[in-house]
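Please look through the model shown below before reading on. The paragraphs that follow lead from the overall fold to one pair of helices, and then to charged pairs and a single side chain.

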Amino acid sequence: VTTEKAVTPSEDDSDEQQDIFKEMIEPNIDPPTLECYALSQWASDPYYRVVICASGGIPAVIRAMKAHPQSAELQTVCCWVFTKLSTGSVANQMKILSEGGIEILFTAMRNHSIDDSVQGAVCDALLILLMNNISLVSSQSSSSHSSTKIEYVTKVDDAEKLLENAFGRKEEASLLHARSLENAGLLLKYIALSKDNSSQSSPSPSSPLSSSSR
């Protein structure tokens, strides 16, 4: 279990981040790829993970992805941001999920179905977002975060189809991307285990548990 230390961002750091986020969502012909890349580098540091999240970085990245859906480079870099922000922070994971992170990640997979860099980056981000619950689901343990997270995934109708496509690309992908695409297989197992656990925990209509006691 990862523990998070309480960190209070300084006002100067927060102001600097907010200025960057404003630039990212200003109407512009060019995608803010460099700005998002800078965020991905800052997000490697635990302190700046807190600063970025507290300054509105997560919704800003999602808006950038929505504004430039056909930019494979931007979509890849934004996935890196999510991966770094989610590392060691359940709070950031839940923030990304609540802001629509799962939907925008699968949208990127859908729009760039033959781009291994996007496919792999999405798989990496999804794995980190769901990682702290995969072991819980496989051991059939209960967790409010676990049930909440899988609900975000199952709401995407073609989630499994998209992951199967990514997993199928690993054989022909470069070594750099193949490892990330391999994560799609683990994510598919996670979804299947979650569905099995859900069906086992739900009593059937004929089950004595569903009958009222007399």
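**A walk through the model**

At 41% relative accessibility, K195 counts as partly exposed, where buried means under 20% relative accessible area, exposed over 50% and partly exposed in between, computed with a 1.4 Å probe on protein chains only. The model is a predicted one, in which local features need pLDDT of at least 70 and side-chain atom pairs count only at pLDDT 80 or more, while totals for chains, interfaces and linings use all residues. Residues are numbered from 1 along each chain as its sequence is written, and side-chain values use heavy atoms, with hydrogens and water left out.

The protein chain holds eleven helices and zero strands, these elements being DSSP runs numbered from the N terminus, with helices (H or I) of at least four residues and strands (E) of at least two. Of its 214 residues, 44% count as buried. Among the contacts in the chain with a separation of 6 or more, 73% come from residues 24 or more positions apart, a contact meaning heavy atoms within 4.5 Å.

Two packed helices are described by the angle between their axes and the distance between the axes. Helix α2, residues 33-42, packs against helix α5, residues 72-86, at an angle of about 20°, and their axes are 8 Å apart. Such axes are lines fitted to C-alpha atoms, for helices over the stretch in contact, and the angles run from 0 to 180 degrees between N-to-C directions. The two helices are therefore roughly parallel to each other, since angles under 35 degrees count as roughly parallel, over 145 as roughly antiparallel, 65 to 115 as roughly perpendicular and the rest as oblique. On the side of α2, the contact is made by T33, C36, Y37, L39, S40 and Q41, and on the side of α5 by E73, L74, V77, C78, W80, V81 and K84. These residues divide into eight nonpolar, three polar and two charged, where Ala, Val, Leu, Ile, Met, Phe, Trp, Tyr, Cys and Pro count as nonpolar, Asp, Glu, Lys and Arg as charged, and the others, Gly among them, as polar.

Side chains of opposite charge can pair when their charged atoms come close. The structure holds six salt bridges, each being a side-chain nitrogen of Lys or Arg within 4 Å of a carboxyl oxygen of Asp or Glu. One of them joins E160 to K195, with the closest N and O atoms 2.5 Å apart. This pair links distant parts of the chain, E160 lying in helix α10 (residues 159-168) and K195 in helix α11 (residues 175-201), 35 residues apart. E160 is partly exposed, at a relative accessible area of 30%.

Which residues are linked in a network of salt bridges? They are K170, E171 and E182. K170 pairs with E171, the closest N and O atoms being 2.6 Å apart, and E182 pairs with K170 at 3.8 Å between the closest N and O atoms. E182 lies in helix α11 and K170 in the loop between α10 and α11, so this pair ties together parts that are twelve residues apart in sequence. K170 is buried at 17%, whereas E171 is exposed at 61% and E182 is partly exposed at 41%.

Helix α11 also contains I191, which is buried, with a relative accessible area of 3%. Leaving aside residues up to four places away in sequence, I191 touches I150, V153, E160 and L163. The C-alpha atoms of I191 and E160 are separated by 8.1 Å, although these residues are 31 residues apart along the chain.
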